[in-house]
Amino acid sequence: MKNPSNRSAGRVLLRRSLLTLALGFALGHGVHAQETSGAIFGRLPSGQSGTVIVENLATGLRREVTVSEDGRFRLPGLPNGNYRVLLDRDGQTIAESSVVVNAGAGSEVLLAAGATTELDGITVTAPSANAIDVSKVESSVTVTAKDLKNMPIAPNITSIALLAPGVVAGDSAYSDPPRFNALPSFGGSAVSENSYYINGFPVTNALTSIGFTELPFNAVDQMQLSTGGYGVEYGRATGGVVNVITQRGSNEWKGGAQVLWSPESLRASPRNRYYGENGRSPDAIGGAGRISQYRNDNQFDQTTVSAYGSGPIIKDKLFFYAAAEFVRQDGGGTNDLGIANSASGVATAAQSGWSDYVYRTPRWLTKLDWNITDNHRLEVTGFSDRGKQSVDYTGFDYSDFSHNDEKAGGYYRDDDTRTWIGNYTGMISDNFTVSAMLGESKTTHINTPFDYRPDCPSVTNEAGSEIPGLNYTSCQFFTDAVLIPGTYEKTLASRLDLEYRLGDHTLKAGYDYNDAKAKTGEDAYAGGEYWVYRRNTDPNEPISAPDGVGSPASGGGYGLDGYYVTRYINIGASNLEVEQKAIYLKDLWQVSDNVLLELGLRNEQFANYNSRGQAFAKKNRQLAPRVGATWDVHGDSSLKLFAQGGRYHLSLPNNVAYRGADGIVNTQEAFVYTGVDPATGRPTGLTALGPVWSENNEFGQPRDPRTVAASNLKSHFQDAI
């Protein structure tokens, strides 16, 4: 629960904004990222009038609108698909065309006919094969399911995103291990500066802003890639915006299944890694030359099983679509230790230098589409993306490049994301359209290390630190950091968009709200505490600690001989929250038949809260003006010249508060002792040499937002991304 009295406390602010200006030619389809429906628009020749009727060929959805006095017509809020477009005059169809509607885009249709008294037949007009969207000013690309069927492309969102101009794979350090692909970078921006949506709902990682939720690949109907210049409806990105539109059911029953198998035997062997000629590895190990990592046997099998089905529950009214996918990857290989030419490295590799792993990724999606009436439509979507990893560490011998079956480590990890989304679109009148979205997503995490014993502390004995006659042992064999129980990320998102057409102006207004919460943290020491046994050669020499902590001899007992022990505790647990709000106004002004001007203003707000509900970073007014223009050069949607400029803001991710504005426990304490517990390795008979201390004054208390320096926040923000 947030504390309202503390929300104004965050006076030190950090924001990321970007000013852009672009000029270009368009010879392809345009989209408006994050929208879930499209539009049909056009203009009749001078003097013609009538009623335009559109009909979805798959679902029977039917809409109509009266042509305005200037001959223009527009039908927004249409689900993507194939449409028949009719021009009706006095009860007679006098012209007909067909058009494909893409979500987030406008599709122009050409309709023309003579007067009714001169009608000899229906005029059927086909749209240009290269027609582009002259109703938008942004730089964008749409990839459809039909396109994907004809492309030799890996079945994941990143591979599709890389098809867009100016998009490259980011640093592999930010890849998602179960998917083995780096995240995309748009126009040189960081991989954390992108926004990802599914049916208009934000699926960007709620904790770090790195990564996103995937879908069964068969469930992808369209993927919209906005690489810059997107309108005031959307923000919180200075890189790219990716919106996936899912498949939907129709009046036709459909189904299918697929099995993909990528066997290890048909893969090329990865190359080994070697040190350069820089003197770092003067000695060859086992005839391996200057090898850094042996990789020739790093291979895996991968199998993907998928299926889908769709159809009508009530013809022309209610439809369903369902898809499922299961990906299994079995493999093995050397760990990337970079240590093969050092004695200690070879010793480490001999115990845990090889990994055998199984990655299992089950996904599913279910979607219902309800045409309440021809003018009101409701969509409900639910989906899950889960990644389960089982990894075993065994020994690897660099003398003959063999590995054994003696398990020395490993882990089991389970990351489970479940999401539901509701979308409503209503055409209130010929000129007024309303759309709304509400959804929630939650990700839970389980990470269980091999041979981890939560009741056993971590213990280390420094050389010469053991008291003669005492038996030093430990029941904890796992030494790395441990994820705290119950970690999760959760996002609640909603938005409302209004569109009203008034003469040559299409006016838009809207509001959106995102609330991202997370529980995160880790215990740096397995078992919750770390004991280090030590000895000072001079018992009267003060140990390395603040004033008030004595020498070993000051504790008496074995301390008179310099023996003592230090306890370290380093654990962090944070309940974090980010609130994001935005409101926008926009005018699409048809200045002339071929020129469209876009004017807009967006106001974004964000507030980052620590575990006490205190706002440590808050901004109530981030004005983002956007302006653009498009010129339909030939008047037939075959060539577009457009220009755009605007300001874009990027708020802080949730994990900035962890240690940057929230509190962790990072303490030390020194003791002399009389014995060692033979079961756990903990010291017994403790006598404190002084108080508990923390070098960074970290005793678990959240930091006061009024004292969090902007430079400190900026440093943690850079570390987070």
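## A buried proline in a loop

Pro457 sits in the loop that runs between strand S27 (432-449) and strand S28 (458-461). Strands here are DSSP runs of E with at least two residues, numbered from the N terminus. This is a predicted model, where local features need pLDDT of at least 70, side-chain atom pairs count only at pLDDT 80 or more, and totals for chains, interfaces and linings use all residues. Residue numbers start from 1 along each chain as its sequence is written, and side-chain values use heavy atoms, with hydrogens and water left out.

Is Pro457 buried or exposed? With 0% relative accessibility, Pro457 counts as buried; the cut-offs are under 20% relative accessible area for buried, over 50% for exposed, and partly exposed in between (1.4 Å probe, protein chains only). Pro457 and Phe478 are 21 residues apart along the sequence, and their C-alpha atoms are 9.6 Å apart in space.

## Strands and how they pair

Now for an open sheet: five strands line up as S10-S15-S16-S13-S14, with mixed pairing. Strand S10 (139-144) and strand S14 (201-202) are at the edges with a single partner strand each, so one side of each has no neighbour in the sheet. Pairing needs at least two bridges found by DSSP between the two strands. Strand S15 (residues 220-228) and strand S16 (residues 241-246) clear that with six bridges, in the antiparallel sense. If you want a spot to look at, Ser226 stands opposite Val241 in S16.

Another antiparallel pair is strand S37 (residues 615-632) with S38, joined by seven bridges. Here Thr630 faces Phe642 of S38 from the opposite position. Strand S38 (residues 640-650) is mostly covered, with eight of its 11 residues buried.

## Salt bridges

How many salt bridges does a search of the whole structure find? There are 32, counting a side-chain nitrogen of Lys or Arg within 4 Å of a carboxyl oxygen of Asp or Glu. Asp416 pairs up with Arg418, and their closest N and O atoms are 3.3 Å apart. Asp416 is buried at 12% relative accessibility, whereas Arg418 is partly exposed at 47%.

Asp497 and Arg495 also meet through their side chains, at 2.8 Å from N to O, and both residues are buried. The salt bridge between Glu499 and Lys508 comes in at 3.8 Å, N to O, and again both partners are buried. Glu499 and Lys508 belong to a network of salt bridges that also links Arg74, Glu233, Lys586 and Glu598.

## Patches on the surface

Patches are built from residues with over 30% relative accessible area and no salt bridge, joining like charges within 9 Å and nonpolar side chains (Val, Leu, Ile, Met, Phe, Trp, Tyr) within 5 Å. One patch of negative charge gathers Glu64, Asp316, Asp374 and Asp430. Asp and Glu count as negative, Lys and Arg as positive, and His and the chain ends are not counted. Glu64 belongs to strand S4 (residues 62-66) and is partly exposed, with a relative accessible area of 44%.

There is a nonpolar patch too: Ile313, Ile314, Leu368 and Val380 together have about 330 Å² of accessible area, from the Shrake-Rupley method with a 1.4 Å probe. Val380 is part of strand S23 (residues 376-394), and at 40% relative accessibility this residue counts as partly exposed.

Terms used. Charge placed at Lys NZ, Arg CZ, Asp CG, Glu CD. Helix = DSSP H or I, 4+ residues; strand = E, 2+ residues; numbered from the N terminus.
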